[in-house]
Amino acid sequence: MNAGPGAARRGACLVGIGETRYAKWGGIAETSEYQLAIAAIQAAVADAGLSMDDVDGLASFADDRNDATFAAADLGLPELRYATMSWLPGGGGACAAIANASMAVETGAAEVVVVYRSLCQGQFHRFGQGPGGRPTKGPARVPGLRKARTLLEAHLGFTMPFGMFSPPIAYAMVLQRHMHRFGTTAEQMGVVAVTTRAHAARNPRAVMGDRPMTMDDYMASRFVSEPFRLFDCCLENDGACAVVVTTHERARDLARPPVEVVASAQGTPRGFGHGQYSNVGMPDDDYTSAGARTVADRLWARAAGAGVGRDDIDVAQIYDHFTGLVLLSLEDFGFCGRGEGGPYAASGALAWPDGALPTNTHGGSLSEAYIHGLNHVVEGVRQLRGDSTCQVDGAETCLVTSAAGVPTSALVLGRR
Amino acid sequence: MSERWFPDEMPVPAVNAETNGWWEAAAHHRLVVQRCTACGATRHPPGPVCPTCRSTASEWSELPGTGSVFTYTVVRQAFIPSLADRIPYVVIAVELDGAEGARMVSNLIDIDPSDVAIGMRVDVVWEDMGPHLALPRFRPAADAKESER
């Protein structure tokens, strides 16, 4: 990585990572989701060689049930100076939470911020299930309309009654349109599933590490919502992870080699709204995208200012709630042309170690664990420390993306 | 009551001040779209302000109920138990005539799922889910011809 014109101003650094064990939904019953969050935060702070007395900020993203205010009190932080939760929905805010923490330490609002995510889908609801994840009971009679508690709920009033119950149905429609426009195939989506499963086989943390998958296995898996088969859909998991963010100056003296936030970006293009889960009226070029085109343009412009170009990226962790959305993210971030995500994946580009862009080297949400993509940031740090179980030789730069098909965010991480 | 295609246990829409008028019209089997009275742009789901010209003035504009399939999926998993004997079913995003840029999510009924195609012309048909709730579904147009899309 070359020192570019912007290199004098050094970004915040990721100096600690922590994870609990990852399990299939319901697999962690003895520990609460909140206890897992606390455990992940403690592990990340210890990994950094810091004490909880050094921590003065906490950051997370949409719908977090594990309030930073309670966590600060329970962890005995001397003072809470910064606590934010990104508005970007679902997994869209993982990289944004890192970026927000970075901005906090760069401006002096706080010095050591821990970003965390804990999900126990077994203890709450499984995202892939129907309304609220609960079987609908009660009298066989529609009781009439009810008042929406949130803006999203009012929007979903135009989707849920039509049986668009959950994300795989909504995003299957995106891929159907992408196939219609560009000729994308099931086998091209299958390459994502099979490739990342092979990466997971080397990762002892991966929930699906002992479940090899061939293309025949993929094609034989049952349809959930065409064109998505079961193996196009990510896992539903219990587990937590956390990342410690601090200033470049402080990072130099810590236990681990610092990983720098070279560039970050977050948001959506005009008209994208909350994404295709609740909005099917956006321009066709956005509907058939991951919604990250403007984020990508900003990210690459900022990275260029720090001397890093897209062609310099050594390894990528691309949000993978669905195989097909990985193809769309690859297009949005410009690794291939519009509509060419399928052929790009089929070329072997995503495979470790020889692909042009080894991707999801931990196995991703399809095969390691679904922790709303914060585990993708953790794997990015691991790659730049040289500690991945699918280590890219000499990796100096890593792209991490958060969600797709909703307002999204992304990071370029670097080692220098 | 109308013919029925979906079970009673389907989710009931939650409404707010912006969307209530749409559901009131639907209860009377009127397919409407929110139209900005300042610039004429249509939007869906309904919202408090026009994203095109930022006017807050709007009206409910009745549509002919014809359109074409923008995209679709054949759902083969029963996400609620009472759908177990109703799968597969087809969810569509429909491009509605007279409502440019304001596509809606609905269902295509009375069709073999293997015959669904993007661009297919469709007509609205109403399903009464209860005394105050009717949902617009779609069936292939009588003179079904693929549009130019």
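Modeller: Start with the interface. Chain B and chain A bury about 4,300 Å² between them, and carbon and sulfur atoms give 64% of that. Buried area here is the accessible area (1.4 Å probe) that two parts lose on being put together, summed over both. In chain B, B:Ala14, B:Phe79 and B:Val105 lose the most area to chain A, together 15% of what that side buries.

Colleague: What should I know about the source?

Modeller: This is a predicted model: local features need pLDDT of at least 70, side-chain atom pairs count only at pLDDT 80 or more, and totals for chains, interfaces and linings use all residues. Residues are numbered from 1 along each chain as its sequence is written, chains are lettered from A and ligands numbered from 1 in the order in which they are written, and side-chain values use heavy atoms, with hydrogens and water left out.

Colleague: How many residues of chain B are in contact with chain A?

Modeller: 49 residues of chain B are in contact with 48 residues of chain A. Contact means heavy atoms within 4.5 Å.

Colleague: What makes the pair B:Arg76 and A:Glu226 a salt bridge?

Modeller: The rule asks for a side-chain nitrogen of Lys or Arg within 4 Å of a carboxyl oxygen of Asp or Glu. B:Arg76 and A:Glu226 are at 2.5 Å, N to O, so the pair qualifies. The rule finds one salt bridge across this interface.

Colleague: Why can such side chains pair?

Modeller: Side chains of opposite charge can pair when their charged atoms come close.

Colleague: Why is the pair A:Asp387 and A:Arg256 called a salt bridge?

Modeller: The closest N and O atoms are 4.0 Å apart. The cut-off is within 4 Å, so the pair is counted. A:Asp387 lies in the loop between H14 and strand S12 (397-402) of chain A, and A:Arg256 in the loop between H8 and strand S10 (259-267) of chain A, so the pair ties together parts 131 residues apart in sequence. Helices (H or I, at least four residues) and strands (E, at least two) are DSSP runs, numbered from the N terminus.

Colleague: Is A:Asp387 buried, partly exposed or exposed?

Modeller: Partly exposed, with a relative accessible area of 41%. Buried means under 20%, exposed over 50%, partly exposed in between (1.4 Å probe, protein chains only). A:Arg256, at 32%, is partly exposed too.

Colleague: Why is A:Cys390 called buried?

Modeller: Its relative accessibility is 0%, so A:Cys390 counts as buried. A:Cys120 is also at 0% and buried.

Colleague: What about A:His376?

Modeller: A:His376 has a relative accessible area of 0%, so it is buried. This residue is found in helix H14 (residues 374-385) of chain A.
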